Amino acid sequence: MAETPGEPPGRLGWAVAVVVAFLAVVNVIDIRVAHASLVLGPAGAAVLLAIARWAGLSWQEVGLGRGTWRRGLVWASGAIGAVAVVFAVGAALPPTRDAFRDARYHLGWEHALLTAFLLIPLGTVLFEEVAFRGVLWGLLRRGHGTITATVVSSALFGLWHVLPSLGLASDNQAIGSTVGHGTSGEVISVLVTVLFTGLAGVVFCELRRRSGSRLGSRPAGSASS
């Protein structure tokens, strides 16, 4: 797809560049400032949507079009159920139970509930969906087609998790015992995280394409940062 005749030349390209730069800044701030995502999540999503509208994208192109919500909820419900089953089985089976033990999440009930129902949905899932499967995917799809949009947004989604995955080998017992706790283990854990989240991004993009809504592109509880 190419820019439509009514759009200023290069506006889509500038919008993509601004979005990528904005994501890099948000990624660093989110790591360095505790709970910054509570503000950056909704505020950043609003900024990104404004950029998309400035570039000429419709609400339909960013996954918020009228008539898409019901279909998105159907897809999301099925995905949520599948994710819940996988997590429950993984946490229950002795061979995989250690993979769910992470030193960063030894939380009391109050903090655990805050993380599960506020920090992750508002600060992580909302922003990531708007950024990667909404605005960025929509901009790239308008300018270069669905395949390019999916590949590029998914690759950037994988790279988005580099900073959050630093120290993963030392914080997670199962991962540390598998890849080691030294520099090589650190590198392996980061590479695996980027690969896994990149592939997850492809799945989310396909769910987004099939459902026509961002509601269907990210199962609850699948936040990986």
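Let's start with Glu-129, which is buried at a relative accessible area of 5%. (Buried means under 20% relative accessible area, exposed means over 50%, and partly exposed is in between, using a 1.4 Å probe and protein chains only.) Its partner is Arg-133, and the two side chains meet in a salt bridge at 2.6 Å, N to O. Arg-133 is buried too, with a relative accessible area of 0%. Both residues lie in helix H5, four residues apart, about one turn of the helix. A salt bridge here is a side-chain nitrogen of Lys or Arg within 4 Å of a carboxyl oxygen of Asp or Glu.

## What kind of model this is

This is a predicted model, where local features need pLDDT of at least 70 and side-chain atom pairs count only at pLDDT 80 or more, while totals for chains, interfaces and linings use all residues. Residues are numbered from 1 along each chain as its sequence is written, and side-chain values use heavy atoms, with hydrogens and water left out.

pLDDT is the predictor's confidence in each residue, from 0 to 100. The mean for the protein is 76, and 60% of its residues reach 70 or more. Confidence is lowest in helix H3 (residues 69–92), at a mean of 54, and highest in H6, at 96. Over residues 5–9, pLDDT stays under 50. Where pLDDT is low, the predicted coordinates should not be read in detail.

## The overall layout

The protein has ten helices and zero strands. Helices (H or I, at least four residues) and strands (E, at least two) are DSSP runs, numbered from the N terminus. Of the 225 residues, 40% are buried.

Contact means heavy atoms within 4.5 Å. Take the contacts between residues at least 6 apart in sequence: 74% of them join residues at least 24 apart.

## The nonpolar core

A nonpolar core is a set of buried Ala, Val, Leu, Ile, Met, Phe, Trp, Tyr and Cys residues joined through side-chain atoms within 4.5 Å. The largest one has 31 residues, and those with the most contacts inside it include Leu-23, Leu-48 and Phe-132. Two or more residues each come from H1, H2, helix H5 (109–144), helix H6 (146–159) and helix H10 (183–211). Helix H5 gives the largest share, nine residues.

Which residues does Phe-132 touch, leaving aside those up to four places away in sequence? They are Leu-23, Trp-137, Ser-153, Leu-156, Phe-157 and Trp-160.

In one of them, Glu-61 pairs with Arg-142, the closest N and O atoms being 2.6 Å apart. Glu-61 lies in the loop between H2 and H3 and Arg-142 in helix H5, so this pair ties together parts that are 81 residues apart in sequence. Glu-61 is partly exposed, at 23% relative accessible area, whereas Arg-142 counts as buried at 10%.

Over in helix H10, Arg-210 and Glu-206 sit four residues apart, about one helical turn. Salt bridges that share partners join Glu-206, Arg-209 and Arg-210 into one network. The side chains of Arg-210 and Glu-206 meet at 2.7 Å, N to O. Arg-210 is partly exposed at 42%, and so is Glu-206 at 29%.

His-35 is found in the loop between helix H1 (11–32) and helix H2 (37–54). This residue has a positive phi of about 60° although it is not a glycine. With 45% relative accessibility, His-35 counts as partly exposed.
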